[in-house]
Structures are given as structure tokens and as C-alpha cells.
Amino acid sequence: MGIPKMGPVIAIDGPAGTGKSSVTRRLAEALHFIHVDTGAIYRAVAFLSLERLAHPETRSDTVVAEEIARTVHLEFRRNPEKNPANRIFANGRDLTDFIRTQEVTMAASRVSAIPEVRAALLGLQRRLGCTGRALLEGRDIGTVVFPDADIKFFLFASVDERAKRRLIELEAAGADAPSFETVKQQILKRDHGDSTRAVAPLRKAPDAIEVDTSNMTLDEVVKSMESTARSRLGLT
């Protein structure tokens, strides 16, 4: 892949609402691994694109997203005093609290389907993960970004359960929550877009371990995956 790994890498893939972000944060803490939130990277590009597109003189959204992906400086910094502690910065600006809205969520799905954007961000994701003892989550980590990951997990859950979780997340954030059916349709629409896009579609790597989180608590999912990781990587 061009950039050698300096230590073990764990890839976690799956559609939206399966608990990837929460599981990844907790698993990274349990294993003392670096958490590279690739979803936040695409959301950051989407948020910045929406900001720029608010100006009438702006060019097409594809051109804007590609330009931002090529030129923006993205990095993760930990701040234990904030929630989440893993913060994403764009050119020194903390975007973490602005990238979880429904508008940004849908924009991120569109942005991630642009080949030039994915190409621009692939190297960044690879470099961040190759520092070793890294845990990356997304939709194409085990198939495109890190096909050589030491362990690959693929999380999934029923659409109803994912919609329920999304509603709870929106309400907890104080956002105006749409109806259950609306959220369910949004999830199905995003699944279709992510699974059918021409570049790096959402799919399970042949050697990935499937984890159905539908009827599992967060603690149960993390405990199961931590046990697998420690066993396979020889961690104490």
C-alpha cells in the first residue's frame, strides 16, 4: 500500500447506526489504540463544503468538495475535558460539534461518493493508521484503506434498531428529531447510496468478522471485540 504499518491495525466497517463510532471509541480506550475516525474526516469535508456552498459565487459542490479535500489540513486531537474527547480539527478549527447534524450526514454520503475526494483522503487515512496500534472505522477500511489490517470487523444491525438509535442520538443532542419512519427512510437511502457508489462501496471484506449488534448492549459488543483483538494480537 506504499506506506508501511508500524504496528497492528484494526479495521471496523459497517453501515450507519450499527454502533461503529461508540464501539470504536470504547475499544480504542480499552486497547490503548489510536482512534482514527474516518467518518469524521468525510463529515468535516462535507461541513466545509456546505459552508462554502452557502456563498452564491461558489462553483459546483463536486468541485468544492474536491478542492477542500486536497487542501485542508485535518488532524485529530484528544481533549479529555470534552465529549467526545477525540476531536477533529480543520486548519486549526475544531469542527467536532458541528458535523453530526442530519444535513451534514447526508452531505457526507454524497461527498464520500466523489472519486477525487476519496483519492485525496485515502493517503491521509493510511498515514494516520500506519503509526501503529491504530483503530479505524468507516465503510471501506478493510477493503480499500487497510486491506492489510491485522483484524477486520464488520458491524451490522436491523434497520429498525438503527433508526431507533439515531433518534435517541438526535434527541440527546437537542436537535429537532424527525419521525421514526423518516429516519428509517433516510437510513435506507444512505445504505443504498453507500452500497452502490462506483468507488469504494460499502461491503464486507471476505476475511472480516461479522458482529450483529441488534440485540447487544454497547458493553457486550465492546467486550466481545476486545476479547477477539487481544487473542489474535497477543495483547495482555
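Of the 236 residues in the protein chain, 45% count as buried. The model is a predicted one. Its secondary structure comes to nine helices and eight strands. The points below go from the whole chain to its cores, then to one helix and one proline.

**Overall form**
- The radius of gyration is 17 Å, which agrees with the value near 18 Å that a compact globule of 236 residues would have.
- Along its principal axes, the C-alpha trace spans about 55 × 45 × 40 Å.
- Among contacts with a separation of 6 or more, 73% join residues 24 or more positions apart.

**Surface and charge**
- The accessible surface of the protein chain is about 11500 Å². Carbon and sulfur atoms make up 53% of that surface.
- The chain carries 34 positive and 32 negative side chains. The centres of these two sets lie 3 Å apart.

**Nonpolar cores**
- The largest nonpolar core holds 26 residues. Leu48, Leu74, Leu95, Ile99, Val117 and Leu121 have the most contacts inside it.
- At least two residues of this core come from each of helix H2 (38-53), helix H3 (61-71), strand S4 (86-90), helix H4 (102-111) and helix H5 (115-129).
- H2 gives the largest share of this core, with eight residues.
- Ile99 is in contact with Ala40, Arg43, Ala44, Phe47, Ile88 and Val104, leaving aside neighbours within four places in sequence.

**Helix H4**
- H4 is mostly covered, with eight of its 10 residues buried.
- The buried residues of H4 are Gln102, Val104, Thr105, Met106, Ala107, Ala108, Ser109 and Val111.
- Their cover includes H2, H3, H5, helix H7 (159-172) and helix H8 (180-196).

- Pro8 sits in the segment before strand S1 (9-13).
- Pro8 has a relative accessible area of 23%, so it counts as partly exposed; the cut-off for buried is under 20%.
- Pro8 and Arg133 are 125 residues apart along the chain, yet their C-alpha atoms are separated by 4.9 Å.
- Not counting residues up to four places away in sequence, Pro8 touches Phe33, Gly132, Arg133, Ala134, Asp150 and Leu233.

How values were computed
Residues are numbered from 1 along each chain as its sequence is written. This is a predicted model: local features need pLDDT of at least 70, side-chain atom pairs count only at pLDDT 80 or more; totals for chains, interfaces and linings use all residues. Side-chain values use heavy atoms; hydrogens and water are left out. Helices (H or I, at least four residues) and strands (E, at least two) are DSSP runs, numbered from the N terminus. The radius of gyration is taken over C-alpha atoms; the globule rule is 2.2 Å times the number of residues to the power 0.38. Buried means under 20% relative accessible area, exposed over 50%, partly exposed in between (1.4 Å probe, protein chains only). Contact means heavy atoms within 4.5 Å. Accessible areas come from the Shrake-Rupley method with a 1.4 Å probe; for residues, only the protein chains shown count as cover. Lys and Arg count as positive and Asp and Glu as negative; His and the chain ends are not counted. The place of a charge is taken as NZ of Lys, CZ of Arg, CG of Asp or CD of Glu. A nonpolar core is a set of buried Ala, Val, Leu, Ile, Met, Phe, Trp, Tyr and Cys residues joined through side-chain atoms within 4.5 Å.
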